[in-house]
Amino acid sequence: MISADPDRDRAAIVSVWERNLPRPSHCSHDRRYEWQYLKSPVGPGLCWLLLAQPGDRVVGTAGLALRAVKLGTRQAIAGIAADFAVDPEHRSLLPALMLQKAVLGSRNRGVNLIYGLPNAQAAVVFKRLGYSTIGGLRRYTRRLRTDEYLHQFTRFPYVGRALAARMANGVLALVSPETYYRPRCGRLQELPGFDLRFDDLWSRVSGRFATIGERNSPFLHWRYSQCPLQEHTVLGLVTDDSSRLVGYVVAQRNNYRWLIVDLLVDETPDSCLALLAGFLNYAGQRGAQSVTLDFHSPAAGIEAALRHLRFRRRDSATSMTICAECPGERFPPEEVTQWHFLRGDID
């Protein structure tokens with residue numbers, strides 16, 4: 001087991017990923033490595049290598065992609081436990097434990113918090129190493145159109161299905177609360193990037209949360225504008241003169257399904273409702289069949305807005321458990337469990 005050099009060992013790491021991890025849909029493993037481990041504004045990520053024999057070829061990897069996190073009044077460096085990959089002939093509990101123990105040793109390299117969303121197999125290793133469960137992502141979904149549902153579950157001919165869907169979509173729009181909602185705290189607009197208004201919003205809002213990943217403009221630009229994995233749409237709720245950002249939504253589009261991956265809003269009355277209602281109208285006008293949000297947050301305004309807009313809670317996300325470990329640190333439990341956490345904090 002050795003610690004990797006991000007530049008020198010790049011080819012060996014990527015080779016293990018290519019053999020063992022699914023290929024990203026929009027880029028190569030090499031491009032993702034460069035973005036995630038070499039270009040992050042927080043600094044180069046950390047990676048460990050499992051060797052078949054000392055001096056032999058690399059047969060496994062485990063990594064930490066670094067993020068800046070506010071923990072209470074302190075600034076901390078967090079690592080996302082990711083890219084755990086081992087060649088089939090070397091897979092057993094022992095190599096897994098060796099790699100993850102090396103990850104936990106990263107406290108000697110300035111990492112204060114380690115977290116991840118392990119799958120069922122990896123969760124066994126996480127639990128054995130002492131990771132704590134800090135909560136699960138809650139999934140809320142709102143259906144905007146009926147086309148997909150009718151095409152899947154009816155036996156009408158195509159023309160009949162299309163006419164039925166058009167009628168059903170019209171009725172759905174008439175009874176949807178966002179159709180008639182008029183925001184009182186600004187207007188929604190698509191934004192081309194992340195400017196200083198995002199820094200101003202971050203400075204106003206960050207103190208409300210016990211734990212939250214840093215969301216200043218350099219991070220947001222790297223995380224979403226430069227991300228090679230997926231294209232993102234950024235919508236901002238701005239004041240009438242466009243000088244101030246009230247809140248924003250970042251979403252990715254997977255065919256006709258839209259997934260909200262980041263959301264931050266200030267405490268202006270009804271600001272969260274205005275932001276989400278505007279986003280539903282925006283997505284619906286562009287043919288979205290459904291909108292989904294996975295989140296874990298103490299912000300009561302988000303859940304209240306989702307209920308008002310008739311999002312439905314789905315149980316399918318309860319298995320997406322956030323696990324965390326603070327190696328060598330003593331953070332009050334309420335700081336870590338009260339985490340404003342969305343998909344953008346892990347992917």
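Begin by selecting strand 4 (74–86), which gives the most to the lining of the largest pocket, with seven residues; helices (H or I, at least four residues) and strands (E, at least two) are DSSP runs, numbered from the N terminus. The model is predicted, with local features needing pLDDT of at least 70 and side-chain atom pairs pLDDT 80 or more, while totals for chains, interfaces and linings use all residues. Residues are numbered from 1 along each chain as its sequence is written, and side-chain values use heavy atoms, leaving out hydrogens and water.

Next, display the pocket itself, whose volume is about 1,500 Å³. On a 1 Å grid over the protein atoms alone, a pocket is an open set of points where a 1.4 Å probe fits, with protein on both sides within 12 Å along at least five of seven lines; lining residues have an atom within 4 Å of a point. The volume is the space filled by probe spheres set on the points, which are joined across faces, edges and corners.

Of the 46 lining residues, select Leu21, Ala82, Asp83, Phe84 and Asn119, which lie nearest the centre of the pocket. Helix 2, strand 4, helix 3 (93–104) and helix 4 (120–128) each give two or more residues to the lining.

Now turn to helix 1 (residues 10–20) and helix 2 (residues 29–38), whose axes come within 10 Å and cross at roughly 125 degrees. Axes are lines fitted to C-alpha atoms, for helices over the stretch in contact, and angles run from 0 to 180 degrees between N-to-C directions.
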